[in-house]
Amino acid sequence: QWLSDRKKRALQKKDVDIRRRIELIQDFEMPTISTKIKVSRDGQYIMAVGTYKPRVRCFDTYQLSQKFERCLDSEVVTFEILSDDYSKIVFLQCGRFVEFHSQHGHYYKTRIPKFGRDFSYHYPSCDLYFVGASSEVYRLNLEQGRFLNSLQTEASESNVCDINPVHFLFAMGTAEGKVECWDPRTRNRVGLLDCALSSVTADTEIEGLPSISALKFDGALNMAVGTSTGQVLLYDLRSSNPLIVKDHLYGLPIKSIQFQHQLDLIISADSRIIKMWNKDSGKIFTSMEPEHDINDVCLYPNSGMLMTANEAPKMNIYYIPILGPAPKWCSFLDNLTEELEENPESTVYDDYKFVTRKDLENLGLAHLIGSSLLRAYMHGFFMDIRLYHKAKMMANPFAYEEYRREKIRQKIEETRAQRVQLKKLPKVNKELALKLIEEEGEEQQLSKKRKQKNLPSLLKDDRFKVMFENPDFQVDEQSEEFRLLNPLVSKISEKRKRKLKILEELEAQGQEEEEEPEGKASDAESSESSDDEKGWVEEVRKQRKLLRQEEKLKRQERLKEDQQTLLKPQFFEIKEGEEFRSFKDSAKKQKLMKKTLEDRLKLEEKLGTLNVSDTTVGSKQATFKLKKSEQQRKQQEAEKRHRQERKTLRRSANHLKSRRGRGRLFH
């Protein structure tokens, strides 16, 4: 589906599987989108309407191809096939038009007073019932060729309607979330269901008033109602309460409801998902999520085939064998599905490479996310294999050389494996591998005595293969955890080191391996193991002492380094007009700011800067003395000194004047 037509034609010439691929109905599609799809009562014709331009297409199932196509003046809201074949069709169009088509083509066109949304055909009286943006239900009699008296309802608008095929009860779903049931014989309302109230349960979350968006009868007594908030309610007409309420959990309007009688299933669909569930228990049978939004769903009668009209040119056809057999015009599908079950094959995408988001970041192509070069699929993306190879070459130009070296190394290893080899240990975790080999030897001897089956070797197990190949898994014997958890590791490692030396010497010399390369008797080993068990506690204490000594040495080295480093003095600049007192003042201010208002007022009262008194009216009066800043205080002191100097000068001047006056009088 991602390939162009030219690419498809080229593949059809080369690939045998593509040539054998089944296209069930040729050109089963619309130019842009398809809105409604229906099957004629005889099962021979499938009719679909869509845009653009507005048109209807009829497909003949016996010929597996399109029979005819007719273009219309305006878009089709819904349509109905009145006859058993395609000879009588009624179209309700969005421009309030009702168009009638016969076998040869357009027959007649009329108009209804208000915009219509749905209609149903009452076979006994040949009446068409139209519902839409009005409180009235318009009736058009096809036998007399004239409009009859309309039905006056309590609803402001109606969305859907349906007529029961058994007793011909007319039901309509309103915008207020109610279903009104009318008897066409008496033209009176016989029942009213409040589906909006019943759709609200403890488990559902609903935003806004649920209106009725789908309606379908099943037999004489059952009726399914779909709401605009994504709930499906199943009713028994004898009760006003629903038998079961099924939530789609998407909050989208229900577009279609179908009944599957073989397995007692209800097939309900919104624009995103098709759900099949049991009508008695509500248990999900299966669900399907097409790539594009769904407009309508049609179940082919008495089969397991399902067709959908989508917001895409291609109309989808699904065949589910468990729902029923294939239709007679495509009975070969049953044989094909049986062969597919017997021989499951994995799909291989030759022209595309699957990459994750991390792979794109490594290749430097993360900026292509959202473009047409990447197609989202599951947890990653599909990209063209040519683009992938180019990006990989640019990201790592020496990748081919590394790949070539790795292949050569693997070939050499394969040739070495064919030779007569000694007991070869892996490059990583040699001591652990030697320990496992010893334990396996002991277990094999015990199993021979007890006549038990040998357990598989850890060294040969693929799950633990990386532990002996990747250097990241190397055991660090100098770590604190290893030394405390394995207090006897020193003595055991000495024995293994001796064995490793002997094995390495044998490998270097190319000699054959001896049965006991360690050169020690089993009695000596048993005596050593008993000594190890006795000295368990002593070894733990020794390890702890060593760890403490190492920590002390590290601390001493740190102290020496700290002493050697010279501390340089740091200087801070004080702003002009400010005076440095001490660091205690700032600390006092911070403590004072953390206190509550009540504590601060009490402190101000003690200092005398605040006076609280009762007034005659009964209220409180607080008098504050503002704190003067350092600059204001200095200015006031300077003014005070200036005033005192002027006073002294005046006094001295007055004193001199008085002396001069006395001297004149004396003379």
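Predicted model: local features only at pLDDT ≥ 70, side-chain atom pairs only at ≥ 80, totals over all residues.
**Exercise 1.** Classify Tyr121 and Tyr123 by accessibility, and then state which kind of aromatic pair they form.

*Solution.* Step 1: Tyr121 has a relative accessible area of 14%, so this residue is buried. Step 2: Tyr123 has a relative accessibility of 37%, which lies between the cut-offs of 20% and 50%, so Tyr123 is partly exposed. Step 3: A pair of aromatic rings is described by the distance of the centres and the angle of the planes. For Tyr121 and Tyr123 these values are 4.6 Å centre to centre and 80 degrees between the planes. Planes over 60 degrees apart count as edge-to-face, so the pair is edge-to-face.

**Exercise 2.** Classify the pair formed by the rings of Tyr377 and Phe382, and name the cluster that includes these residues.

*Solution.* Step 1: The ring centres of Tyr377 and Phe382 are 5.2 Å apart, and their planes stand at 45 degrees. Step 4: Ring pairs join Tyr377 and Phe382 with Tyr352 and Phe354 in a cluster.

**Exercise 3.** State over which ring the charged end of Lys109 sits, and do likewise for Arg96.

*Solution.* The charged end of Lys109 sits over the ring of Phe97, 4.3 Å from its centre. The charged end of Arg96 sits over the ring of Phe115, at 5.8 Å from the ring centre.

Note on methods
Residues numbered from 1 in each chain as written. Heavy atoms only, no water. Phe/Tyr/Trp six-rings, centres within 6.5 Å; stacked < 30°, edge-to-face > 60°. Buried < 20%, exposed > 50% of the residue type's maximum accessible area, 1.4 Å probe, protein only. Lys NZ or Arg CZ within 6 Å of the ring centre and 35° of its normal.
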